[in-house]
Amino acid sequence: PETITVQELANRMSERAVDVVRLLMKQGVMKKINELIDADTAQLVAEELGHTVRRVAESDVEEGLFDAPDASEVLTTRPPVVTIMGHVDHGKTSLLDAIRHTTVVKGEAGGITQHIGAYQVTTPLGGKVTFIDTPGHAAFTAMRQRGARSTDIVVLVVAADDGVMPQTAEAINHARAAGVPIIVAINKIDKPDAKPERVRSELLQYEIQVESLGGETLEVEVSAKERLNLDKLLELIQLQAELLDLKANPDRPAEGVVIEAKLDRGRGPVATVLVQRGTLRQGDVIVAGAEWGRVRALVDDKGKAVSEAPPSMPVEILGFNGAPEAGDRLAVVENEARAREVAEYRQRQKREQAAARATVRVSGLEEMMS
Ligand code: GTP
Ligand code: MG
C-alpha cells in the first residue's frame with residue numbers, strides 16, 4: 001500500500017509537521033512525525049489544509065524510463081564486458097596491467113584493490129574488450145556481486161601457488177547466480193611452487209570442469225609477471241564472446257549501469273558508467289538512482305575527453321548534481337524537468353524508507369526500555 005511519513009507529507013505541503021500531527025489527532029489518528037500514514041489519510045489531511053492533491057503512482061513516474069527491448073534489425077555487435085574475479089592477491093590487477101601495459105597495482109594502497117576499475121582494450125585480432133577489475137578482499141562482496149551482474153563473461157583468476165580459496169568459491173557462486181560463463185585463468189605459473197594441476201582438480205569440487213580434464217570450461221595458464229599467454233587469454237575471451245553473440249542498438253538514448261561514483265573535490269560528482277545500449281553523448285540529460293544531471297564531459301579510461309560512448313564502453317561522467325550509487329541504472333531522458341521529476345520521486349522514496357527504518361528502530365528501543 002502507498003504510505004508517507006507525517007514529516008514528508010508536511011514537507012511537501014510546506015506545513016509544519018506538528019500542525020499535521022494535531023490535525024490527525026483531531027481525526028482520531030495518533031501518529032508521531034516519523035510514522036507512516038496511508039495515502040487516503042494523507043489526501044484528507046492535505047485537502048483539509050487547503051492543498052490540491054495529485055497522486056502519482058510509481059508506475060507513472062518510472063513509466064518508459066527503460067524502454068522495451070530493441071528490434072533485432074537495429075542490433076549490431078558490441079564488445080564483451082569481462083569481469084576479472086578471484087581471491088585476494090591472486091593477480092587480477094596485475095593481469096589487467098599486463099594486458100593494458102600499465103601499472104595500476106603500484107598505485108594501490110597496500111597493493112589491495114578497493115574499487116572497481118573499468119577499461120577497454122583492443123585485442124591483437126582487432127576487436128575490443130571491456131574489462132572490469134574487482135577487489136578480491138573478503139570485505140568487498142557487494143562489489144563482486146555487482147561486477148558479476150553487469151558482465152557478459154567472468155575471468156576467474158586462480159593463483160597456481162595458492163589454489164582455490166574462499167573468494168574464488170564466492171566468485172564462482174556470483175557468476176553462477178548471474179548465469180555468466182567463466183573462463184579460468186591459472187596465474188603465477190612462473191613460480192617454482194606453481195601447481196596448475198592442483199587448481200584444475202580443486203575446481204572440480206565446485207563443478208567446474210576445464211577442457212583439459214574433458215569439461216567445457218575454457219582455461220589458460222598465464223603469468224602476469226612474465227607476460228605469458230596473454231594473447232591466448234584474449235583469444236579465448238573473443239571466442240566466448242562470439243558464442244554469446246553480443247549485440248546492442250547504438251542508435252537510441254543511452255542506458256547503462258553505474259560501476260562506481262564519488263564526489264571529487266575538483267570535479268564534483270563523478271560517476272563511472274558502463275553504457276549497455278544506445279550511445280551516451282555530451283549534453284544528454286541523465287538520471288541514475290536518485291540523482292540527475294546533464295552530461296558536461298565524458299572521460300575515457302585513459303583520462304581523455306570523448307564526445308560519445310557507444311555500447312560496452314566504460315566512461316566517466318561529469319555533470320551529475322550528486323553522486324549516484326554503484327549499481328544504479330542510468331537512463332537518458334528527454335528533458336531536465338523529467339529528470340528532476342524522477343530523481344525527486346526517488347529521493348522522497350529513499351527518505352521515506354529511511355524514516356520507516358528509523359521508526360522501527362525507535363519503537364524497538366522503546367520496547368527494550370519498558
Ligand atoms: P586484490 O585486488 O587485492 O584482490 O589483488 P589482485 O588479485 O589484484 O592481485 P595483484 O595484482 O595486486 O597481485 C598480488 C601480488 O601477486 C603482487 O605482489 C604481484 O606482483 C604478484 N603477482 C601477480 N601476478 C603474478 C605472476 O604472474 N607471477 C608472480 N610471480 N607474481 C605475480
Ligand atoms: Mg587487484
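I looked up Asn187 and found a polar side-chain atom 3.1 Å from an oxygen atom of ligand 1; I took a polar contact as a pair of N or O atoms within 3.5 Å. The model is predicted, and I noted that local features need pLDDT of at least 70, that side-chain atom pairs count only at pLDDT 80 or more, and that totals for chains, interfaces and linings use all residues. Residues are numbered from 1 along each chain as its sequence is written, chains are lettered from A and ligands numbered from 1 in the order in which they are written, and side-chain values use heavy atoms, with hydrogens and water left out.

The side chain of Lys92 has an N or O atom 2.6 Å from an oxygen atom of ligand 1. For Lys188, the corresponding distance to an oxygen atom of ligand 1 is 3.0 Å. I found 22 residues around ligand 1, the closest being Lys92, Ser94, Thr113, Gly136 and Asp190; a residue counts if one of its heavy atoms lies within 4 Å.

Next I traced the sheet. I recorded 6 strands in an open, mixed sheet, ordered E5-E6-E4-E7-E8-E9. Strands are DSSP runs of at least two residues (E), helices of at least four (H or I), numbered from the N terminus; two strands pair if DSSP finds at least two bridges between them. The edge strands are E5 (117-122) and E9 (218-221). The twist averages 25° from one strand to the next. E4 (residues 81-86) and E7 (residues 153-159) pair in the parallel sense over 5 bridges, and Ile84 stands opposite Val155 in E7.

Finally I examined H5 (residues 92-100) against H9 (residues 230-244): they pack at about 95°, axes 10 Å apart. H5 is therefore roughly perpendicular to H9 (65 to 115 degrees). Axes are lines fitted to C-alpha atoms, for helices over the stretch in contact, with angles from 0 to 180 degrees between N-to-C directions. Leu95, Ala98 and Ile99 in H5 meet Leu230, Leu233 and Leu234 in H9, contact meaning heavy atoms within 4.5 Å.

Conventions. Parallel < 35°, antiparallel > 145°, perpendicular 65-115°, else oblique. Polar contact = N/O pair within 3.5 Å; in protein donor to acceptor, adjacent residues only side chain to side chain.
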